[in-house]
Amino acid sequence: MSHHLTEEYLLTSFGKLRRSAATGVDTISCKAYQEDLAIRIEHLHQQLRNQQYHAPDIRRVWIDKDNGKQRPLGISTTEDKIVQRAVTDLLNLIYEQYFYDFSYGFRPKRNAHQALSSLRSQCMRGRGRIKWILDADIQGCFDNFDHKTLRNLLSKRIKDRSLLRLIDLWLKAGILDGKSMHRNSVGTPQGNIISPLLCNIYLHYVVDEWIYKMVRPLLKGEIFVIRYADDFIIGFENEEDARRVNRTLPKRMQKYGLTIHPEKSRLIRFMPAKRGKSQTFDFLGFTHYWTKSQKGYNVVKRRTCKKKMQKALRKLRDCCIDNRHMKLKDQCKLLTSKLRGLYQYYGIRGNYLALQRMYGDAKISWFKWLNRRSQRKSYTWKGYGELLKYLPLPKPKIVHANV
C-alpha cells in the first residue's frame with residue numbers, strides 16, 4: 001500500500017491540515033512549510049520511498065479537564081502530520097469495511113449526534129424493552145494500550161511492512177515534556193492524527209468484535225452497543241445478562257492492558273418510573289432520562305449534563321473577562337462564535353432550556369464585564385439593551401431537530 005504515498009497524495013494530505021494548528025518541536029508552522037512546499041514534499045516522498053523517514057519527537061502540552069486534572073496532548077511537526085494524515089486515510093480505506101455500525105467516534109461521515117440518535121432509538125425500542133444500561137468508560141485508553149498487541153492486531157489486515165514500520169516509529173517516538181524526554185512503552189499520544197484510528201482498531205477487536213461474536217450469542221435477551229472512541233454504552237433486556245457482562249468486562253479489558261474507570265462506569269436500571277424519577281446516565285455530554293411526552297407517552301429525553309453545562313458557562317464568562325479590553329464589535333464577534341459553537345453541539349430537541357441558560361448567562365456576563373473596564377459604570381440595563389440591538393448575540397436555536 002505504501003506505493004499510494006505519492007507526491008500528489010502527500011500534497012492532498014497537507015491541504016487537509018488545519019492552518020492554525022500548533023507547531024511541533026521544530027516550530028515550523030503550516031504557513032512556513034508552504035513557502036517551499038514542492039521541494040519539501042519531493043524530499044519527504046524520497047524519504048518515505050527509501051524507508052529513510054524517521055518520526056520526529058513529539059512536543060507535549062497539558063490541557064485542563066472537567067474534574068480539575070490535566071490531560072496530556074502530543075503535538076507533532078507539520079511534516080509528520082502530513083505523513084500521519086496520508087497513512088490514516090489509507091488505513092481508513094481498509095478498516096471502514098470491517099468496523100461495526102455501532103462505532104461512531106473518529107470515523108469518516110460519522111459523528112456524536114448520530115451516536116446520540118441511535119442510542120435514543122435503541123432505548124425506546126419497544127417502549128422500554130431495554131431495561132438495563134451499562135455505561136462504561138475506559139480509563140486512559142490512549143495512554144495504556146499494549147504496543148505488541150496492537151502490532152499483532154494490525155498485522156491481521158496490513159501486510160505492507162513499510163506502513164507497519166511507520167506506525168511503529170510513531171509508537172516509539174520520543175515525547176518532549178518541558179526539558180525532560182521519554183519514550184512510551186504503551187499507548188499513543190493524544191493529539192497525533194493517527195491516534196484515534198489506532199484506538200478504534202484496538203477497541204474493534206477488544207470490545208466490538210468480542211461483544212458481537214462472543215458475548216451476544218450467549219445472552220438470553222436482546223442487547224445493543226453504542227461506542228464513541230473509548231466511551232461506550234451497552235443496553236440489555238435481561239438483568240442476568242447485564243450483571244454477567246458487567247462482571248466479565250473488567251477482566252476482558254485487563255487482558256489487553258486496559259482498565260474500566262471505576263467512577264465513570266456503572267450499571268443502572270433504566271426504565272420509565274411509575275413513581276418518582278427514573279435513573280439517568282451521561283453520554284457524550286448529555287444526561288439521558290425517561291419522562292412523559294406532551295401526549296403522555298414514555299420517551300427518552302436528553303439535557304446538557306451538569307459538568308458540561310458548568311464548563312460551557314465558565315468558557316463564556318472567561319471570554320468576556322479575557323477580551324474586555326477589545327473593541328465592542330470584536331468582543332461581540334468572539335462571544336457570538338462561542339455561543340454558536342455551543343448551539344451547534346447542544347442544540348438537540350428537548351434541550352432548549354439549557355441553550356436559554358447559556359444565552360442568558362452570556363448576556364449577564366458581558367454586561368458585568370463591560371462595566372468593569374473602568375472605574376465608572378459604562379452601561380445601565382437600558383443602555384445595554386440598546387447596545388444589543390446593534391451588536392446582537394445569537395438567540396438559542398435547536399440545530400439538530402431529528403437527533
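**View 1. Domain arrangement of the predicted chain.** The C-alpha centres of domain 1 and domain 2 are separated by 33 Å. The assignment for the protein chain, with bounds that come from an automatic or database domain assignment, comprises domain 1 (2-97 + 140-197), domain 2 (115-138 + 200-303) and domain 3 (306-390). The model is predicted, with local features requiring pLDDT of at least 70 and side-chain atom pairs counted only at pLDDT 80 or more, while totals for chains, interfaces and linings use all residues. Residues are numbered from 1 along each chain as its sequence is written, and side-chain values use heavy atoms, with hydrogens and water left out.

**View 2. Packing of helix α1 on helix α3.** Helices (H or I, at least four residues) and strands (E, at least two) are DSSP runs numbered from the N terminus. Helix α1 (residues 7-15) packs against helix α3 (residues 37-49) at an angle of about 120°, and their axes are 9 Å apart. This angle makes α1 oblique to α3; angles under 35 degrees count as roughly parallel, over 145 as roughly antiparallel, 65 to 115 as roughly perpendicular and the rest as oblique. Axes are lines fitted to C-alpha atoms, for helices over the stretch in contact, and angles run from 0 to 180 degrees between N-to-C directions. From α1, Glu7, Leu10, Leu11 and Phe14 take part in the contact, and from α3, Leu37, Ile41, Glu42, Leu44, His45 and Leu48. By class, the contact of α1 with α3 contains seven nonpolar, one polar and two charged residues; Ala, Val, Leu, Ile, Met, Phe, Trp, Tyr, Cys and Pro count as nonpolar, Asp, Glu, Lys and Arg as charged, and the others, Gly among them, as polar.

**View 3. Packing of helix α3 on helix α4.** The axes of α3 and helix α4 (residues 78-95) come within 12 Å and cross at roughly 60°. That makes α3 oblique to α4. Arg40, Ile41, Leu44, Gln47 and Leu48 of α3 meet Glu79, Ile82 and Val83 of α4. The residues of this contact of α3 with α4 comprise five nonpolar, one polar and two charged.

View 4. An open sheet with antiparallel pairing has the strand order β6-β7-β3-β8, where two strands pair if DSSP finds at least two bridges between them. At the edges stand β6 (223-228) and β8 (266-269), each pairing on one side only. The twist from one strand to the next averages 15°. Six antiparallel bridges join strand β3 (residues 132-137) to strand β7 (residues 231-236), and Ala136 stands opposite Phe232 in β7. Helix α5 (residues 112-124) packs on the sheet by touching β3, β6 and β7, and its direction makes about 165° with that of β6. Helix α10 (residues 239-255) also packs on the sheet, touching β3, β7 and β8, with its direction at about 15° to that of β3.

**View 5. The three-stranded sheet.** Strands in the order β9-β10-β11 form an open sheet with antiparallel pairing. Both β9 (281-283) and β11 (298-304) are edge strands with a single partner strand, so one side of each has no neighbour in the sheet. Neighbouring strands are turned by 40° against each other on average, direction ignored. Strand β10 (residues 286-292) pairs with β11 in the antiparallel sense over seven bridges; Val300 in β11 is the bridge partner of Trp290.

Definitions and conventions. Contact = heavy atoms within 4.5 Å.
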